[in-house]
Each structure stands twice: as structure tokens, then as C-alpha cells.
Amino acid sequence: MELMHLQSLPRLNLSKRSVYQWNLMIRAAASDTNYAQALTIYSSMIRAGARGNTHTYPLLFKSCSHLASVQEANQLHTHVVKLGFQADVFVQTSMIDAYSSCSCLGEARQLFDKMGERNEVTWSCMITAYSRLGRCDESFSMLKEMMGLGFQLRAAAVLGVLAGCDSVQGLLLHCSVIKVGLCRETELSNSLMGFYVHSGRGDGAWAIFNEMQEKSVVSWTIMMRGLVDAGDFKGLFSLFREARLETFDVDAAVFVSLISGFDQIGDHLLAASVHCLILKVGLENQSPIDRTLVRVYANCGDIVSSRVAFDVSASKDVSLWTSMIGGYVQFGLPGEAMHLFNKLRDSISPNEVTILTVLSACADLGSLSTAQEIEKYIIANGFESDVRVQTSLIHLYCKCGSLDKAESVFERVVDGDLAVWSAMINTYTTHGMGAEALQLFNKMQIEAGIKPDAVVHTSIFLACSHSGLVEEGLRYFSKMQKDFGIKPNLDHYCCLVDLLSRSGKFELALKTIEESPFRSQSRIWRPLLSACRIHKNNEVGELVAKKLLDLDPENTSNYLLVSSLYTAIGKYKEAAAIRKLVDRQGLVKEPGWSRIEFPPTFR
């Protein structure tokens with residue numbers, strides 16, 4: 001490893017260098033974040049016969065902390081004990097920090113408990129250690145213990161606890177910060193604002209922000225992020241203008257927060273305006289900004305501008321490629337997405353997110369040959385063991401109509417989660433194999449010990465409906481609420497109505513609709529009307545038809561469904577009248593389309 005700072009020091013024989021000179025080199029390397037180099041210099045120091053002192057080891061343990069290297073920390077610990085420095089409070093504190101950074105909380109706490117002397121830094125270090133490993137209650141308890149012993153509250157201790165505390169603990173911390181006068185520290189104020197923003201307490205964040213004497217770029221970014229999360233876009237743009245008037249340098253993070261707001265409002269002109277400002281201040285070709293622009297333009301419905309932003313980017317990393325591919329998928333252009341993925345493969349390696357996005361494009365294409373090709377690529381590049389990829393592959397083969405391939409992927413799953421089981425259950429449901437879907441559903445609970453959610457229950461109800469399993473469907477609907485505490489949603493009720501209607505149980509289907517909280521939703525009435533057409537039940541059918549048209553008079557498919565009912569029961573004049581009504585109101589039927597594969601393209 002190259003020792004970059006040796007040239008700036010006197011060229012003495014290694015054996016003649018003083019401890020001060022060795023410490024100077026170690027400090028220089030650590031200050032430049034060359035932590036591995038700092039440890040290498042120490043190794044040279046030992047070989048030269050020199051011994052470190054109480055100034056040497058805090059620097060070295062700091063390097064171990066950043067490298068998360070427990071092996072080197074153990075070796076240094078041994079050296080400290082041999083040299084008799086284990087009682088030095090600064091050396092001990094640096095060891096605690098190193099062990100906690102290596103996730104060795106037991107060793108860190110053991111050192112802390114054996115210390116004869118502790119200061120505020122030592123307590124802050126141990127408090128941060130607990131918080132870093134997600135043990136926030138213990139971290140908060142230690143903070144209270146420290147203050148109870150009369151130690152002064154330090155910003156480092158508050159920062160260590162604040163990241164993981166709950167709302168009550170956060171408010172108590174804020175009160176303590178005000179009491180001891182730490183609220184003037186910018187970094188601490190930023191963390192408190194972040195706490196309030198994440199807790200949905202924008203008023204608390206604003207109170208701190210308005211009282212800050214010195215605001216950093218981070219301060220403005222946190223408040224903008226909070227306004228985006230709250231959906232206050234008018235306030236967001238007002239704050240951005242205020243930030244610009246402060247004449248500080250707006251960085252990429254500020255623009256990312258600003259542009260992210262356009263995802264929710266879908267305003268193409270605002271996105272373009274901010275894009276112009278980005279070009280004006282010279283922040284183009286930064287990956288976070290380019291990635292956000294590509295995504296936002298696509299979300300605003302401007303896939304052309306999204307592609308332009310992608311093409312002009314000088315630094316195309318895998319995230320940017322994935323964003324553009326995802327934009328094409330979202331825009332309903334799976335062929336373009338696959339074409340771009342083929343170009344990506346020639347330049348850089350995709351990651352798991354890219355593969356998942358491409359699998360979504362393949363599913364939209366519905367091409368079995370393309371699906372098989374992408375699966376070969378996944379296996380060749382080592383993505384086949386990722387459970388999310390396996391889930392998407394099952395869904396893909398389901399869309400392509402290949403049950404055998406979906407089963408083959410499912411059988412290779414080693415440690416499946418709820419999503420992968422749900423994908424296979426849905427595949428059986430889609431292929432009309434209700435009994436197999438129910439069998440797999442029960443196996444998921446008994447053998448895998450996985451608790452079903454609302455989504456997989458929707459597939460189960462569909463399976464029962466398509467296979468005519470009325471009693472089973474009613475039983476699962478009841479068990480979903482009693483055994484799993486899942487409140488039925490609109491999809492569940494639609495499936496239940498469809499199940500009852502298909503089997504001719506019209507009175508029970510009507511009762512289900514009337515007693516559901518979704519009786520004012522037109523969607524819940526449609527399966528009943530479809531069943532009336534099949535069973536030629538004109539009495540219930542005409543009642544449902546009137547209800548459906550009253551609830552959703554702008555939906556063309558409702559009129560066509562009613563017209564089909566009248567045709568099925570022989571009321572041709574009424575059917576014609578409904579179709580004329582569609583023309584008179586200017587409603588347009590969405591045309592159907594088919595896709596036929598002529599390799600290598602679709603038509």
C-alpha cells in the first residue's frame with residue numbers, strides 16, 4: 001500500500017524516527033481517510049522497534065472503527081494491555097468506539113464497565129454504540145443515567161440517541177437540549193428537525209428552523225424533504241426561493257428534494273423549469289439529479305424528455321439505466337425497455353433492481369421466448385437465488401401462460417417468503433386450478449409457517465370463484481377475519497360477490513353487497529350483473545343495471561355490460577337504446593388489441 005505522506009516528512013532511517021514523527025504520519029493518513037494506510041504505518045513502526053503512546057492508539061482505533069475491522073482492533077487491544085495504556089481514558093474510549101463499530105457491543109460494554117474513570121466523551125460513545133445497533137431504549141436509559149451522575153449533556157450523546165428514539169423520548173431530548181443551551185449547534189438542530197419531520201411533526205421542525213442563527217444546506221434540505229412528505233408543494237417552492245435569496249450554494253440534495261415533489265403532482269412544466277435552473281447553476285451530470293429527472297419526467301407522462309435527460313447524462317451508472325428502463329415499463333413500452341436493457345448489457349453490469357424492472361417489462365410483453373432468454377441471463381449472472389427475482393420470474397411465466405416453468409422456478413426456491421408463495425398461488429388461480437391453489441395456501445401456513453396477508457387471500461377467493469368452490473370460499477372469508485384479523489377490502493368483497501353470483505346465489509350476493517361498506521362502489525355490482533347475464537336473471541339484472549348506471553354514469557363498460565344483459569334476456573330494443581345512449585353521450589369504448597409474436601418482434 002502506498003504511503004502517501006512519507007514524502008512530506010524528513011527522510012530519516014526508520015529506526016531513528018521518534019514516536020512523535022510516527023504519530024504525525026498516522027494522524028495524516030487517518031485525517032485523509034486513508035485508514036488502512038494508517039494501520040500499515042503502525043505496522044512499520046512496530047517493525048522499526050518503536051512503541052506507541054497514548055496519542056497513537058486513539059488514532060489507530062479510529063481507523064479500525066471506520067474499517068469495521070475487529071481483527072485489527074483485537075490486536076491493538078493486546079498491544080495496549082502489554083504497554084500498560086489500558087487505564088487511559090482516551091485510549092479506552094477509542095477502543096469502545098472501535099468495538100461498537102464492529103458490532104461487538106458485548107466487548108464495548110465490558111470495557112466501559114471496567115473503566116475506573118469516565119468522562120462525557122466515554123458516555124457519549126457508549127450511548128451511540130447502543131443506538132447504532134438499534135437498542136434505542138438502552139441508549140436512552142444510559143443517557144438518563146449519565147445526566148443523573150452529573151455529567152454535562154453533550155451534542156454527541158444526543159445525536160447518538162436521537163436517530164432511534166420514539167416521539168416521547170425525542171421531545172424529552174429536545175427539552176434537555178434547550179435546558180443546557182445546546183440548541184445553537186447547527187448539526188444538532190438539523191438532527192432535531194429531521195426527527196420532527198420523520199415523526200410527522202412539521203410544526204416542531206419549523207420552530208427549530210426559524211430559530212436557527214446559522215442554517216446549513218442540510219437544514220434547508222431537511223425542511224424541503226418535510227414539505228414534500230407533507231404534500232405542501234406551494235410551501236416547498238416558497239422555501240426554495242427563500243433559500244436561493246440566502247445566496248448560499250444550493251447542492252444536488254436540495255434539487256433532488258425539490259424535484260421529488262413533482263412525482264406527486266405530475267407537473268411537467270415545473271419539472272422542466274427546475275431542470276433549466278439545474279443547467280444554469282452547473283449541477284447537471286450528477287447521478288442523483290439525473291436519476292430523479294428521468295423518473296420525474298416519466299411520471300409526468302413525458303417519456304421523450306425522460307429519454308433526453310438520460311441521453312445527455314455524461315455519467316450513466318446502473319441506477320440511471322434502471323430508472324430509464326423503469327420509465328419505459330411505466331409508460332407501457334416494454335419493447336423499448338428490453339431494447340435499452342440489451343444496450344446496458346454491452347456497457348455495465350445490471351443489479352438486482354435492474355433485473356426486477358426488466359422482468360416486469362417481460363411480463364408486459366407476455367413472450368415466452370423472451371422470458372426463457374432472460375431467465376438464462378439471470379442464471380448465468382448469479383441472480384437466480386434472489387427471492388425477489390424468483391418471485392418476479394414466477395409472475396412472468398404466469399403472464400406467459402407457462403405453468404410448468406413457473407412451477408420449476410418455485411421448486412428451486414430455498415427460503416421462500418410470503419411474496420413468492422403468493423405468486424405461485426396466483427399462478428394456479430390464473431390457470432383455473434383452484435384445488436391446487438388452496439392446497440398450496442394450506443401448505444404455506446403449515447409447512448412454511450407463513451401467515452397470509454390480504455393480497456394472498458384475494459387470490460384464494462378468485463380461485464374458489466373460478467372453480468365453483470362456494471363453501472370453501474365462504475369458509476376462507478370467515479377465517480380471514482377471525483383467525484388473521486384481516487378486515488375485508490373492496491377486492492375481497494368483489495371476489496365474494498363473484499363467487500356467489502356465478503353459483504346462482506343471487507339473494508345472498510345482493511345481501512353481501514348491501515351489508516358491505518362498499519355498496520356505493522360501482523365495481524362491486526359488476527360481477528353480479530355479469531352473472532345475471534349468464535344465468536339470464538332479468539329481474540335481478542335490471543335492478544343491478546339501474547344501480548350500476550346511477551353509480552358510475554361515465555363508465556362506457558357499464559353501458560356495454562347492461563346492453564349485453566338485455567341482449568341475453570331477449571330485450572333487443574332496450575339493448576339498442578343503451579348503445580345509442582353511449583353514442584349520444586359521447587362515450588368511447590376502449591378498443592381491444594392483440595399481440596402476436598413474429599420473432600424477433602411483436603405485432
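Helix α2 covers residues 35–47, 13 residues in all, and reaches 19 Å from first to last C-alpha, close to the 18 Å expected at 1.5 Å a residue. That expected span is 1.5 Å times one less than the number of residues. Helices are DSSP runs (H or I, at least four residues), numbered from the N terminus.

This is a predicted model: local features need pLDDT of at least 70, side-chain atom pairs count only at pLDDT 80 or more, and totals for chains, interfaces and linings use all residues. Residues are numbered from 1 along each chain as its sequence is written, and side-chain values use heavy atoms, without hydrogens and water.

| Helix | Residues | Span | Expected span |
|---|---|---|---|
| α2 | 35–47 | 19 Å | 18 Å |
| α13 | 217–230 | 20 Å | 20 Å |

Gly-49 follows α2 with a positive phi, near 90 degrees. In α13, Trp-220, Ile-222 and Leu-227 are among the buried residues. Gly-231 follows α13; its phi is positive, near 75 degrees.

**Domains**

The assignment, automatic or from a database, gives domain 1 (316–413), domain 2 (415–487) and domain 3 (512–590). The C-alpha centres of domain 1 and domain 2 lie 26 Å apart. Domain 1 and domain 2 bury about 1,100 Å² between them, 78% of it on carbon and sulfur atoms. Buried area is the accessible area (1.4 Å probe) that two parts lose on being put together, summed over both. Cys-398, Leu-403 and Phe-410 supply 48% of the area that domain 1 buries against domain 2.

How values were computed
Helices (H or I, at least four residues) and strands (E, at least two) are DSSP runs, numbered from the N terminus. Buried means under 20% relative accessible area, exposed over 50%, partly exposed in between (1.4 Å probe, protein chains only).
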